[in-house]
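Thanks for coming. I will go through one model, with the sequence and the structure on the screen.

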Amino acid sequence: MDLLRSALAELDPDRLLSQFVYHPKSPLLFNTGFFLLLFLAFLGVYQLLREHHRARLLYVTAFSLFFYYKSSGWYFLLLVFSTIIEYHFARWIADSGSPGRRKLLLVLSLCVNLGMLFYFKYTNFFLSGYHALTGQPVPILHVLLPVGISFYTFQTLSYTLDVYRGQLAPLRSISDFAFFVTFFPQLVAGPIVRASDFIPQIKNKPFISREGMGRAVVLIAAGLFKKAVISDYISLNYVDRIFDQPGLYSGVENLLGVYGYALQIYCDFSGYSDIAIGIALLLGFRLPPNFLSPYQSTSITEFWRRWHISLSSWLRDYLYIPLGGNRKGVGRQYLNLFLTMLLGGLWHGASLTFVLWGALHGAALAVDKLFKQVFRPGNNWLIKLLGWVITFHFVCFCWIFFRAGTFEVASQVLHQIIYNPRPDLLLQVLGSFRPVFVLVALGYALHFVPDGVTLHLEGAMGRRSVVAQAVLVTMIIWLVIQVKSAEIQPFIYFQF
Amino acid sequence: MKSPRSQNPFLLVLLIVSLLGLLSLLQPGLTVGGVALRPVRLLADVLRPNPAAAAETLPPPNGPAGPAAPPDSVLTAQAAPPADSAEVAAVAKAPAVANLGGLDNFLAALRQTKADGSPVRIAYFGDSMIEGDLITSDLRNSLQVAFGGSGVGYVPIHTVAADFRETIHETASADWQEYNLVSPKLPAGFALGISGHVFVPRVATAAADSTAAGGASWVRFQTGQRFAPVRRFARARLFYGPGAEPAEVLATTDGHAVPHALSGQAALNELLLTPARPARQLRLDFKTPGPRPVYGVSFEGTGGVVLDNFSFRGNSGMSLTRIPFRELAAFGKALDYRLVILHYGVNVADARNKTYGWYERAMTRVVDRMQRAFPAASILIIGMSDKSSRLDGEFITDPSVPRLLAAQQLLAKHNHAAFWNLFEAMGGENSMVSWVEDSPPLANRDYTHVNPRGAHRIAGLLFDYLMAEYQHPGQPAPAAPTPDSAARPAPAPTPPARVDSATSQVP
């Protein structure tokens, strides 16, 4: 009791209150201590509302809006606006008998959705592009990008398009729809959940099976390890430094930086996705998997079936297939692949480096298709190994542009790798950044663990008691704290 | 038959929070296998800030910093300090240091330049902070715009950041033998030059001679386009040491090739190359019958400001004593410096170093040699920039920074040198964090080095400081009369070079 009293005395009411206010520099991420406490309180009420469908829905929606407000401030009104607009558009489309009117409504909905995305994400990109082409002075707007806008606009678009195609009946309750759009686990960083996958789950009473619990625990633990241990540590202590000024590092350091970044972005992105999927499972919702060990791929086509699956399948269903897919001849198919990936690249960020990244992947997908049609390569281990080496290195090559931000930085990285390789420094570099490269090696080793092992682990965890499950997650969180507060690696420049 | 009961995630999270609560009760300062465990502070965001939490959990002072490393080892990037005895207690907080005087010679020379365009030369020594002409390119440009002058100054035959440098692009053949400040062993015949490097071209044997003209060691320079004063050079001075004769260098400027004999036998010799009109390219092909040290090329005009960048990554400054004094003095005579800037610190700032008396003493030897080698020069010590380390997950100014700054200030004071506190100029305590987080960022995420934008800002701040001194020497007395520059020994005007090329020996 004394302990509690002294703890309460130490509580700083101002700091506690300020946690509930939007701070641009401290969004409410899953890997923060405050989120854990908040989530505990949230779950307490969520359990109490198990039997009350409507109240539970409103409660989760309100929490989700708060969660979004913590990341984006007043932009949460944009989310509210988007929800109201799309809910009505979908209903009007479904209720309208005339095809012309339905088409008009769809176009209007697309204009609102894409217009919003375009305004917030690409205005300055196109203004500066116009300036570069014509030399005309243009005003640069101070538009702040609302967090997650790329994800939730794609989510609402999938809903409206499915309703338009008659594949989905529109929701008759705006609270159901708001629940779908704002559902906080995947709101800011995906996965992009399909209306057709998610909406049927809303009316069910939350039920978490033993397998579901085991899977959630493993996903959250693995996600935290990938995101807050591997990715955060190697980016701060090595990768960021290389990409800050690649010209100051030898080729071998740059090359290790590229391999490191490939692991970093995978761990960061898939780790956060895994936590989101795990948290959704704890609330009784199943989201589709977003990453399936993408660097195990032996071709670029396979890579895109394993990398950011919710985006690539979205692009396939709502962009590639409407463009004609493979139904209009081989030449048109290659063009469609290329265009889809080009726009997919631009989706990642408003910069020409992302466009090039998308274009490279698009071209590679076309070449891969062509190669397989012409040569029909066999399936023996040598061809697989060769395919793996080529695929992995091609993906890494593209990551250089994705990460560099400017073509200048990207070309410096390539220049150093080609003209100042200095392989003799390899052992010195590895030795001097030992913790970084131990984590990189561990990260890649875990990546090649077969899926069966993971499934087995999930099953085993599901059969364990809740105490054992809590111990596993606690151990990982404790590790995260150790890594997060560890001293940084001293900077080292090698003579080359 | 499975139980139809739903699992309880609330219980799971409650258990996790409770377990973390138990872990937070662990005694702080626990170690496992020599690694200090970090405390679990789940409520850190909502509790009153605890001043004790910032208590240092660092090894004892001056503990051995790993295996004995040579000074300025670029591998560890932390010089192992010698065991230290009693020492002036370093102040815990960074003092607000007033910049000391000591720039008189330089300021007088600048005034002279303004009056008659006579040359003023500056040597800027530093570590990776100025690599690739960072800071120095902007500072040089500001000075050349304000006081006249052209050219990038002295360029060694090769540096690690040559590809990174924007003011001059440099390519050299791979067959040069290089010795420098970190070479484990320096052969007797090849004294290090002023930049801390010496280069030996491949000896041209009869066989190599007969194969092709491309067999010789070569270096090619191409001026950068960014700053107008350094886009072209009026003359280039090649510096080289003694060696077997007849040695020859084929100098090609803007496509026009002329052979020159390398005949000097002094410790330092100079070949002056004067293209018919200001040039942008220079290629040198060396044909030497025996080993002969070559140092670098200075690109300059005939008057105004020239600023030499002497960067050496990983350097603490202390190893500059590896340059033989005779060589340093010969360069001093040839280049006639009016200001020597010493900008070091990031390679010795380490939280494990509690005292820096050893550093001050070692650097006093360096300053002393500089003062003797460049007798007409003022010396400016630049106090180190802010550098962060991470304590309990938060980036803060490394505790060694104020200690090292105090030592650098004493170094300047005891040697009548000027001192400029870059740490304060950047914004003082924790300014590195805001430089890294600025948008666009001014510093890199090693929380130590500034990027080109940050370097540009530092150069501006340094230029402003120099100009404030120029306008009001001897601050803080703005009303004080300007010292009579005529009372000081004015630099002898250099006769303008008229010859197309000439070899001169510097004794």
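Let me start with a term: a residue is buried when its relative accessible area is under 20%, exposed when over 50%, and partly exposed in between, using a 1.4 Å probe and protein chains only. Helices (H or I, at least four residues) and strands (E, at least two) are DSSP runs, numbered from the N terminus.

This is a predicted model, where local features need pLDDT of at least 70, side-chain atom pairs count only at pLDDT 80 or more, and totals for chains, interfaces and linings use all residues. Residues are numbered from 1 along each chain as its sequence is written, chains are lettered from A and ligands numbered from 1 in the order in which they are written, and side-chain values use heavy atoms, with hydrogens and water left out.

Take helix H8 of chain A, residues 174-182. Of its 9 residues, 8 are buried, so by the under-20% criterion the helix is mostly covered. The buried ones are A:Ser175, A:Asp176, A:Phe177, A:Ala178, A:Phe179, A:Phe180, A:Val181 and A:Thr182. They pack against four helices of chain A: H4, H5 (76-95), H7 (149-164) and H9. Contact here means heavy atoms within 4.5 Å.

Now chain B. It has 10 helices and 21 strands, and buried residues make up 53% of its 507 residues. Among its contacts between residues at least 6 apart in sequence, 79% join residues at least 24 apart.

Next, the cores. A nonpolar core is a set of buried Ala, Val, Leu, Ile, Met, Phe, Trp, Tyr and Cys residues joined through side-chain atoms within 4.5 Å. The largest has 260 residues, and A:Tyr295, A:Trp399 and B:Leu380 have the most contacts inside it. H10 of chain A gives the most to this core, with 19 residues. A second, separate core has 27 residues, including B:Val152, B:Leu282, B:Val297 and B:Phe299.

On to the interface. How many residues of chain A are in contact with chain B? The count is 65, and they meet 65 residues of chain B. The two chains bury about 5900 Å² between them, 62% of it on carbon and sulfur atoms. Buried area is the accessible area (1.4 Å probe) that two parts lose on being put together, summed over both. A:Phe491, A:Tyr493 and A:Gln495 supply 12% of the area that chain A buries against chain B, more than any other three residues.

For polar pairing, the rule finds 11 residue pairs in polar contact across this interface, both residues at pLDDT 80 or more. A polar contact is a pair of N or O atoms within 3.5 Å; within protein, one must be able to donate a hydrogen and the other to accept it, and residues adjacent in sequence count only if both atoms are side-chain atoms. H21 of chain A gives the most to the side of chain A that touches chain B, with 13 residues. That side divides into 36 nonpolar, 16 polar and 13 charged residues.

One residue to look at is A:Gln245, in the loop between H10 and H11 (251-282) of chain A. Is A:Gln245 buried or exposed? At 3% relative accessibility, A:Gln245 is buried. Not counting residues up to four places away in sequence, A:Gln245 touches B:Leu134, B:Phe164, B:Asn444, B:Val450, B:Asn451 and B:Pro452. With B:Asn444 there is a side-chain polar contact of 2.6 Å.

Last, salt bridges: a side-chain nitrogen of Lys or Arg within 4 Å of a carboxyl oxygen of Asp or Glu. B:Arg445 and A:Asp240 form a salt bridge at 3.8 Å, N to O. Within chain A, A:Lys205 pairs with A:Glu51 at 3.4 Å between the closest N and O atoms. These two sit in distant parts of the chain, 154 residues apart, A:Lys205 between H9 (195-202) and H10 (210-244), A:Glu51 between H3 (33-48) and H4 (53-72). A:Lys205 is partly exposed at 44%, and A:Glu51 is exposed at 54%. In chain B, B:Arg352 and B:Asp350 come to 2.9 Å; B:Arg352 is partly exposed at 27%, while B:Asp350 is buried at 10%.

Technical notes: Ala, Val, Leu, Ile, Met, Phe, Trp, Tyr, Cys and Pro count as nonpolar, Asp, Glu, Lys and Arg as charged, and the others, Gly among them, as polar.
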